[in-house]
Amino acid sequence: MLGRFPVALRLHRSILRGSSGRRGLSAMAGGDEEGRLGDFFEYMERLRNYERSGVPRGAGTDSDDGFDLGRMRRLLRRLGDPHTHFPAVHIAGTKGKGSTAAFLSNIMREQGYNVGCYSSPHLLTIRERISVGNDGGPVPVRLLSDLFDQAKEAIDESIESENGALTHFEVFTALSFLLFSRENVDIAIVEAGLGGARDATHVIQSTELAASVITTVGSEHLAALGGSLQSIAIAKSGIIKQGRPVVIGGPFSADIEQIIRDRAFLTQSPVISACDPGIKSITKYIDWDNGKPYQCCDISIKISNDMPLSIELCDVNLKLLGDHQRQNAVTASCTALCLRDLDLGSQGWDISEASIQAGLEGTQLPGRSQILTREEALLLGLDGATTVLIDGAHTEASAKTLSNMIQTIRPEGPLALVVGMANDKAHFAFAEQLLAGSRPDVVLLTEASIAGGASRTMPALSLKEIWMAAARYLDFNCVDIGTISGAKAPEYITNLVASSSSFAGKPTVMIGCQDDTVPSSCDLIRAASQLILESGGSDDPSPGLICVTGSLHLVASVLQHLERH
């Protein structure tokens, strides 16, 4: 058993005083209107936002080029050091950290704990980044508005003293910690924004840290994190703290895992690997319930290394699909067992096997492997029979994962991809993975409204050329169907399909893109639906599958359409 970590107990300043009830004020109030947050949004818009402008080279490394954590600590000091008033689990990783945070938060909520969760990015509202209490929903408008009103003077003073250098992410992270302190959370699950060592969340010290988690190490944000997988691993392993356990997800290559383990050795931190030989997990089958797929899994954990952990979970019905999500569920389960084993005075957190299973099964994430309901498909203007999958995959690795998942759940019939991406992604590798794995019949390229505006958006025509090149590289038969033009799309598609002989009897992919007259991604989804239906002909009435991917911003535009209607 590990020794108790001494969560600092001190008198709260007036700014830290809040409700003492377990649930606090976190339940989402019906009819909350974000208009009340107008002043807050305007204030935040004036701050430097690297999510929009792009992160500077080396900013996430523990070097002279890295972000200055000193200004974050000084801001928190003005707010009363709220991050010292609760235990936290700190999660870093290239992929999987959001899902792992959601799994773990729901496990703790199922056990009845008052949980704070901080994650990024968001889809529809920045309030999604903060949840507090037992329901897991976005922080209510009134709670965030009141919090900002009370903290604004201290934030103003900090911005002035830092000569305007405080960033959007730093201020919002500080507000999340302040809210968790006010709401007296039992535990906070905190997702790092970029890397780990120089991320604004890295103010959490060993005195507050219950455990750290590193899910995966990949090549996203390569320049900002030092230029190599090894430098990324070093940055992420910076969240490991003296004497506190670290759960590693993986799988990792041997050299990357060694970097993490070397850091853990230096800090005398127990290591729990979610890829330990004593862990077995399988997906037994995929089934559907009320129009939504789930994977039925068995998870067995029997670890006897640094921290002995054991659990047997049978018939776990995960709503998050894919082998990667099963691995994230294993990582979250290992972390929950780790928390249960911590010595907090007389006992660790009380976490039952039933709560672990219920927490895993109850976890859903909008925009990640999300299958729209029939009613939602109808709102997009489809016939309701076509399956629509939306997923924010935007890297080569996530494209491969998405491709595998499409093959798992793909219904009978054709497949169409609607893709929009930022201009700083590995577009060819992304296309290659989806073409080779899922073999789509139709690919339509669009322009995602990326944070930062047109300067970060990849033009649809440029994307089309890349996808054509990738198809030719894979020796596909591909047909350039040009641009899809707004209101003319239905007639154009009918004529195109009727006049082309390329579709008959050949494994062919049709590749096209929007033009400036297509007002939204939803119009392109309808065009994709018509293309796969008409190209299939009367002999193949199967409705097929449409997958919208390439950017969380593109996925958000679909969800926003559904929200408005």
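Predicted model: local features only at pLDDT ≥ 70, side-chain atom pairs only at ≥ 80, totals over all residues.
Helix 5 covers residues 141–161 and helix 6 covers residues 168–182; their axes come within 10 Å and cross at roughly 115°. On the helix 5 side, the contact is made by L143, L144, L147, Q150, A151 and I155. Helix 6 supplies V171, F172, L175, L178, L179 and R182. Sorted by class, that contact has ten nonpolar, one polar and one charged residues.

Some totals for the chain. There are 565 residues, and 57% of them count as buried. The secondary structure comes to 17 helices and 17 strands. If we take contacts with a separation of 6 or more, 77% of them are between residues 24 or more positions apart.

In soluble globular proteins, nonpolar side chains tend to be buried together. Here the largest nonpolar core has 45 residues, and the members that touch the most others are L339 and L360. Which helix gives this core its largest share? Helix 9, residues 323–341, with eight residues. There is also a second, separate core of 42 residues, with V141, F148, F172 and A200 among them.

What does L360 touch, apart from its neighbours within four places in sequence? The contacts are F103, I107, I299, L313, V316, L318, A329 and S333.

Two of those, F103 and I107, are in helix 4 and also meet helix 9. Helix 4 is residues 97–110, and its axis comes within 9 Å of the axis of helix 9, crossing at roughly 45°. That angle is why helix 4 counts as oblique to helix 9. This crossing is right-handed too. From helix 4, the residues involved are S99, T100, F103, L104, I107 and M108. They meet Q325, N328, A329, T331, A332, T335, A336 and L339 of helix 9. By class, this contact has eight nonpolar, six polar and no charged residues.

Last, helix 7, residues 229–236. Its buried residues are S231, I232, A233, A235 and K236. So what covers them? The cover includes strand 1 at 88–92, strand 5 at 209–214 and helix 8 at 254–266.

That is the end of my part.

Key: Residues numbered from 1 in each chain as written. Heavy atoms only, no water. Core = buried A, V, L, I, M, F, W, Y, C linked by side-chain atoms within 4.5 Å. Buried < 20%, exposed > 50% of the residue type's maximum accessible area, 1.4 Å probe, protein only. Helix = DSSP H or I, 4+ residues; strand = E, 2+ residues; numbered from the N terminus. Contact = heavy atoms within 4.5 Å. Axes fitted to C-alpha atoms, helices over the stretch in contact; angles between N-to-C directions. Parallel < 35°, antiparallel > 145°, perpendicular 65-115°, else oblique. Left-handed = near helix turned anticlockwise from the far one by under 90°. Nonpolar A, V, L, I, M, F, W, Y, C, P; charged D, E, K, R; others polar.
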